[in-house]
Amino acid sequence: MTLFRPILAACLLAFAGTAPAAVPEAAFDDYRAIYRDLVARHADAVVTVKFVMSLTTSGNEQRVEDRTQAIVVSADGLLLVPERAVSVDLGQLGNATPGQAAPVATSSDFRVRLADSEDWLPADLVTRDGELGLAWLRLRDPPRRLGFVDLGQGVGPEPGMVFFSLLRTSDEWGAVPVFRPGLVLGETRNPTFRLLVDGVPGLAFSHDGRPMGYVDIDLGAVTRQRGTGLGLDFADLALRMTPIDKVAAATAQAAKLPVAGR
């Protein structure tokens, strides 16, 4: 289990800078209508994925069951998930041994539970995009045409915009939809164009329910922030948002691909 601890530590560090107080107080008027609209439009497309992540090193295999949030992005069962749920290069987290290839944790046994079901349905990896930090799964046998988020109907994010993330709780809390406001803090082009945001990982929506981009943790960047001393420079403790046009274009390409390995 020890080799998986850097992953958890990096995630915890990332969330240290995501308190909702970063959204201006004036923006918190009354979000009841926005919540109701987001749930009505998109809650069925927010689903839970379970998987088994394994790491083999020095002949020993570690296997850990984990879960993540996924977004249904097509009626025939294409799912958008963060790439870190599929594969993690532990070298990015400081686990590389000089002169040796860094170990990589990979996932398998993907199972998906739709919003209105108790059944866990098998899914397979289609592809992943390391630059965008995204991956796509496909349900093997969708029970019907599914409600999905149309990524082609998005709105571009800009610094200063408020966005809303729609998530689904664990079984402990009834697997119900919840939402969280976030804020686009700024933008960077190093190493590629990204929006810097305060929020939670997942698909971000505008106030009128249109997708804005995909928010996630940059595990490598978070790890590099360790041991920065007492200067308490929090400027880099932000999550990254990939604009929705890039997410939509990559998803359109993924939709044309067969399941990996078939």
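Serine 107 first: I found it in strand E5, residues 104-113. Strands here are DSSP runs of at least two residues, labelled E and numbered from the N terminus. Housekeeping before I go on: this is a predicted model, where local features need pLDDT of at least 70, side-chain atom pairs count only at pLDDT 80 or more, and totals for chains, interfaces and linings use all residues. Residues are numbered from 1 along each chain as its sequence is written, and side-chain values use heavy atoms, with hydrogens and water left out.

Is serine 107 buried or exposed? It counts as buried because its relative accessibility is 14%; the cut-off for buried is under 20% relative accessible area, with a 1.4 Å probe and protein chains only.

Next I checked what serine 107 touches. Leaving aside residues up to four places away in sequence, I got Phe51, Val52, Met53, Ala85 and Val86, with contact meaning heavy atoms within 4.5 Å. The serine 107 side chain also reaches the backbone oxygen of alanine 85 at 2.7 Å.

Then on to strand E12, residues 211-216. Six of its six residues are buried, so the rest of the structure largely encloses E12.

Which strands pair with E12? Strand E11 (residues 202-205) does, antiparallel over four bridges, and so does strand E13 (residues 239-243), also antiparallel over four bridges. Pairing takes at least two DSSP bridges between two strands.

Leucine 203 stands opposite tyrosine 214 in E12, while aspartate 216 has arginine 240 in E13 as its bridge partner.

Last entry, the turn: E11 and E12 make a hairpin with five residues between them, and glycine 209 in that turn has a positive phi of about 85°.

How values were computed: Buried < 20%, exposed > 50% of the residue type's maximum accessible area, 1.4 Å probe, protein only. Polar contact = N/O pair within 3.5 Å; in protein donor to acceptor, adjacent residues only side chain to side chain.
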